[in-house]
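The paragraphs below will walk you through it step by step.

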Amino acid sequence: MTTTAARERTAVFFGGVVPASADEERLAEEVGMALAGAGFALWHGGYNGLMEAAARGAASKGGTVTAVTLADKHHEWGEFNPHVTDEVHLPDVGSRLNHYLDTADLVVAMGGGVGTLHELTAALYYAGNIRPVPVWITGPTALRLLAFLRREKWLFETPTRPLGFLGQVASAAAFAARLHDLIDETDGKEADA
């Protein structure tokens, strides 16, 4: 009997370089720990702030951390955080977003600047129109943004554009529980296939 190794799951983390608070930074680290503990590889921009906190958490659990950045900006933006174990340098923003989203098993978004906002809205569009990859919003800053997007009808559900891929996760404990459920769900689907 031949067995094949399961493909490593990939979680893409979008978070800014300036955490809104120490609590959000701690939450990002706990998210990274939960992801690595559940066997996910962490992909992120590679730099500091919430990205570094998530990477620190993943590394503390032995997880792999891949920095995905723009080839012509890496020198300008500086060194990656010390937890990065692999690097991907891409030619443009579109290639970078496609690289993230085409292979993601989960997208996690927290607060940040306009770059994080761009990544999050690209993920929402992608999951709603291309492939329904789960997109989880966590942390008070990102949850307020999500509430604003819904309230102002920038984000709404229709019969042809369901939002079942979208999740709101308010705490590290809720994130870990939801992650456990996601793994059980996807493992069950793979076993049925």
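What follows is a short tour of this predicted model, from its sheet to its helices and then to a few single residues.

Let us begin with the sheet. Here 7 strands form an open sheet, and their order is β4-β3-β2-β1-β5-β6-β7, with parallel pairing. At the edges you will find β4, residues 86-90, and β7, residues 166-169, each of which pairs on one side only. If you look along the sheet, you can follow how its strands are turned: neighbours make an angle of 25° with each other on average, direction ignored.

How many of the residues of β1 are buried? The count is 6 of the 6, so β1 is largely enclosed by the rest of the structure. In general, the side chains of a regular strand alternate between the two faces of the sheet. In β1, R9, A11 and F13 are on one side, T10, V12 and F14 are on the other, and all of these are buried, so that both faces of the strand are covered.

Now see what pairs with β1. On the β2 side, 4 bridges join β1 to β2, and the two strands run parallel. The chain makes a right-handed β-α-β unit out of β1, α1 and β2. Toward β5, β1 again has a parallel pairing, over 4 bridges. Here F13 has V108 of β5 as its bridge partner, and F14 stands opposite A109 in β5.

That brings us to β5 itself, which covers residues 106-109. Are its two faces covered or open? Both are covered: L106 and V108 lie on one side, V107 and A109 lie on the other, and all of them are buried. Beyond β5 comes β6, residues 135-138, joined to β5 by 3 bridges and running parallel to it. A109 stands opposite I137 in β6. To get from β5 to β6, the chain passes through helix α5, residues 114-129, and this β-α-β crossover is right-handed. One more step along the sheet, β6 and β7 pair in the parallel sense over 4 bridges. There, T138 has V169 in β7 as its bridge partner.

Next, turn to the helices, starting with α2. This helix spans residues 50-60, and its buried residues are L50, M51, A53, A54, A55, G57 and A58. Which elements do they pack against? The partners are β1 (9-14), α1 (22-37), β2 (40-44) and β3 (65-70). You can see α2 lying across β1, β2 and β3, and its direction is at about 160° to that of β2. After α2 comes G62, which has a positive phi, near 80°.

A second pair of helices is worth a look. Helix α4, residues 93-103, packs against α5 at an angle of about 55°, and the two axes are 11 Å apart. That angle makes α4 oblique to α5. From α4, the contact involves V93, R96, L97, L101 and D102, and from α5 it involves H118, E119, A122, A123 and Y126. The way α4 passes α5 is a right-handed crossing.

Let us finish with two loop residues. G45 sits in the loop between β2 and α2. Is G45 buried or exposed? Its relative accessibility is 3%, so G45 counts as buried. Leaving aside residues up to four places away in sequence, G45 touches M51, A67, V68, T69, F80, R96 and Y100. R96 is also among the residues of α4 that make the contact with α5. G45 and T116 are 71 residues apart in sequence, while their C-alpha atoms are 9.8 Å apart in space.

The other loop residue is K153, found between α6 (140-151) and β7. Most residues other than glycine have a negative phi. K153 is not a glycine, yet its phi is positive, about 65°. With a relative accessibility of 56%, K153 counts as exposed, because the cut-off for exposed is over 50%.

Key: Residues numbered from 1 in each chain as written. Predicted model: local features only at pLDDT ≥ 70, side-chain atom pairs only at ≥ 80, totals over all residues. Heavy atoms only, no water. Buried < 20%, exposed > 50% of the residue type's maximum accessible area, 1.4 Å probe, protein only. Contact = heavy atoms within 4.5 Å. Pairing = 2+ DSSP bridges. Right-handed = clockwise from strand over helix to strand, strands pointing away. Axes fitted to C-alpha atoms, helices over the stretch in contact; angles between N-to-C directions. Parallel < 35°, antiparallel > 145°, perpendicular 65-115°, else oblique. Left-handed = near helix turned anticlockwise from the far one by under 90°.
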